[in-house]
Amino acid sequence: MTEHITPVAGVAVDARHWIGGERVASAATFTDVSPIDGAVLGEIARGGQAEADAAVAAALAAFPAWAATPRTERARILHAVADGVDKRIEELAVVETHDNGALLRSHRRGVMPRVAHNFRFFADWLLNLEHEDFETRGHTNHVSWDPAGPCVLITPWNAPLMLATWKVAPALAAGNTVILKPAEWSPLTASLLADIAAEAGLPPGVLNVVQGYGAEAGSALVAHPDVRRISFTGSVPTAKTIAASAAANLVPASFELGGKSPLLVFADADIELATDLAVEQYDNAGQVCLAATRLLVEESVADEFTRRFVEKAARLTQGDPRDEATDIGPNIHPRQLEKIDGFVRRALAAGARAVMGGAPGEGQYYRPTLLADVAQDSEIVQEEVFGPVLTLQTFTTEEEAVRLANDTRFGLAATVATGDQERAGRVTAQLVAGTVWVNCFFVRDLQAPFGGSRHSGVGREGGTWSFDFYCDVKNTVTAPKGWAD
Ligand code: NAD
């Protein structure tokens with residue numbers, strides 16, 4: 001083992017950048033700590049302007065050849081990346097769990113297989129990406145999806161490899177080259193992805209990984225004039241900074257941001273299902289952008305809903321995410337825990353009632369919390385907490401339910417529990433959200449558009465929407481044969 005290799009639960013992870021097909025160290029490093037027990041996982045290369053410049057230069061140099069590589073060959077290599085992910089699911093799952101504290105069982109059985117699927121899906125979609133030619137006064141219009149150039153992809157820590165590959169796979173499939181900057185609180189699986197991609201035959205410089213802090217490596221990357229696309233998943237304040245850099249260079253940017261999504265429970269709903277959906281919102285210790293953190297329940301069933309919800313939530317096991325029996329793991333970082341607790345303490349001081357929880361647990365764990373008696377205009381109802389904290393409000397009419405649901409600055413997702421199909425149609429039509437689920441939650445297909453309205457994002461990812469973003473779409477008009485004679 002060299003000094004750059006960080007062994008995480010027996011898996012060797014190279015803590016340096018991956019630039020132009022080579023491992024590159026930085027003079028500075030930062031310490032990566034596990035949220036499970038505070039153990040130091042490694043010293044990670046801390047990139048800045050120099051590493052950003054080198055990575056963009058490598059991506060620019062590799063671009064012409066990759067862009068000219070036939071679609072079938074690009075798709076073959078991406079399938080090989082998917083195979084490499086499949087072979088290393090266990091290693092990826094173990095490393096991710098140590099790094100971000102999410103459940104090992106869901107990394108093993110849900111998340112990492114989905115990472116492989118991200119590559120297969122976009123490789124296959126590429127092969128079917130066609131727009132039928134059409135005619136204008138005898139001239140033929142041919143639409144093509146041309147690669148755009150180097151893409152900077154910046155990702156958060158709550159689902160590191162899943163969210164990163166959701167961008168990496170379509171960007172590469174489209175024929176672009178990529179510089180990935182993973183979150184500094186969960187840098188490790190991006191490094192493993194670089195190994196897997198290289199083993200799969202992805203040419204040097206096509207995928208680059210720059211590690212480091214957002215304000216250093218991230219801001220240098222998004223301000224680089226040779227970058228042709230920026231795709232960001234993270235918080236609203238960071239998005240505004242990145243949008244300013246993108247504007248300066250007129251670079252198209254896509255933003256997947258936070259949320260404060262509602263779960264609307266009507267009296268005609270299956271209460272067993274509705275309470276299951278509500279308890280599910282504690283998944284990943286509440287660190288899910290899509291989480292329906294505002295429970296809006298019709299008054300006539302609110303008592304029964306609350307009783308059954310609390311019974312179920314009390315059965316959740318909080319603890320070590322490596323344990324199969326655990327339902328809720330730790331929160332990512334002491335700073336995140338403080339932030340969560342600050343929101344809850346201010347809400348309680350403002351008159352909220354803790355139906356459940358309301359305080360941190362042992363170590364880096366926050367007790368699953370449900371707050372009632374909260375005002376619609378209060379901070380706890382309006383702002384994203386990103387922890388296991390839900391609020392409970394009641395309504396008496398459908399109009400009121402819709403008004404409360406739409407009354408935040410976000411618009412990422414909404415979930416509706418109702419037994420009335422006509423009501424479902426009426427309500428979903430009025431909700432401001434990129435994704436709406438009726439009597440279900442978190443069912444997602446890569447061909448569906450995904451993104452947020454208002455402050456929850458700009459643009460959509462998934463299927464053709466991803467290729468529209470990552471490509472320079474071109475229309476070529478050809479005169480009829482004999483026109484030039
Ligand atoms: P964050 O904005 O703090 O950081 C996200 C990434 O941006 C990190 O890689 C960070 O290093 C980088 N960054 C920070 N400052 C930067 C700058 N000035 N220039 C360039 N890059 C910079 O967000 P976070 O705390 O890591 O993630 C949590 C947020 O992400 C929540 O708001 C959550 O809702 C959101 N999120 C959204 C989705 C979605 O798909 N809509 C999915 C997951 C998470």
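## Two domains, side by side

Let's start with the big picture: the C-alpha centres of domain 1 and domain 2 sit 31 Å apart. Domain 1 covers 2-257 + 452-475, and domain 2 covers 262-438; these bounds come from an automatic or database domain assignment. Bear in mind that this is a predicted model, where local features need pLDDT of at least 70 and side-chain atom pairs count only at pLDDT 80 or more, while totals for chains, interfaces and linings use all residues. Residues are numbered from 1 along each chain as its sequence is written, and side-chain values use heavy atoms, with hydrogens and water left out.

## Where the domains meet

In all, 25 residues of domain 1 are in contact with 30 residues of domain 2, contact meaning heavy atoms within 4.5 Å. Putting the two together buries about 2,400 Å², and carbon and sulfur atoms give 54% of that. (Buried area is the accessible area, with a 1.4 Å probe, that two parts lose on being put together, summed over both.) On the domain 1 side, Trp157, Trp185 and Arg454 lose the most area to domain 2, together 26% of what that side buries.

There are polar links here too. The interface of domain 1 and domain 2 has three salt bridges, a salt bridge being a side-chain nitrogen of Lys or Arg within 4 Å of a carboxyl oxygen of Asp or Glu. It also has 16 residue pairs in polar contact, both residues at pLDDT 80 or more. (A polar contact is a pair of N or O atoms within 3.5 Å; within protein, one must be able to donate a hydrogen and the other to accept it, and residues adjacent in sequence count only if both atoms are side-chain atoms.) Helices α3 (89-100) and α4 (104-127) each supply at least two residues of the domain 1 side that touches domain 2. Helices (H or I, at least four residues) and strands (E, at least two) are DSSP runs, numbered from the N terminus.

## The nonpolar cores

The largest nonpolar core has 98 residues, and Phe119, Val178, Val265, Leu295, Phe305, Phe309 and Phe467 touch the most other members. A core like this is a set of buried Ala, Val, Leu, Ile, Met, Phe, Trp, Tyr and Cys residues joined through side-chain atoms within 4.5 Å. Buried means under 20% relative accessible area, exposed over 50%, and partly exposed in between (1.4 Å probe, protein chains only).

Helix α5 (residues 160-173) gives this core its largest share, 10 residues. Take Phe119: leaving aside residues up to four places away in sequence, Phe119 touches Leu78, Val81, Ala82, Thr165, Val168, Ala169 and Leu193. Apart from this core lies another of 26 residues, with Ala55, Ala220, Val222 and Phe232 among them.

## Salt bridges across the chain

The whole structure has 30 salt bridges. In one of them, Lys474 pairs with Asp146, with the closest N and O atoms 2.7 Å apart. Lys474 is in strand β22 (residues 471-478) and Asp146 in strand β8 (residues 139-147), so this pair links parts of the chain 328 residues apart. Lys474 counts as partly exposed, at 42% relative accessibility.

Asp268 and Arg423 meet in a salt bridge as well, at 3.0 Å, N to O. Asp268 lies in the loop between β14 (262-265) and α9 (271-279), and Arg423 in helix α14 (residues 421-430), so the pair ties together parts 155 residues apart in sequence. Asp268 is partly exposed at 30%, whereas Arg423 is buried at 15%.
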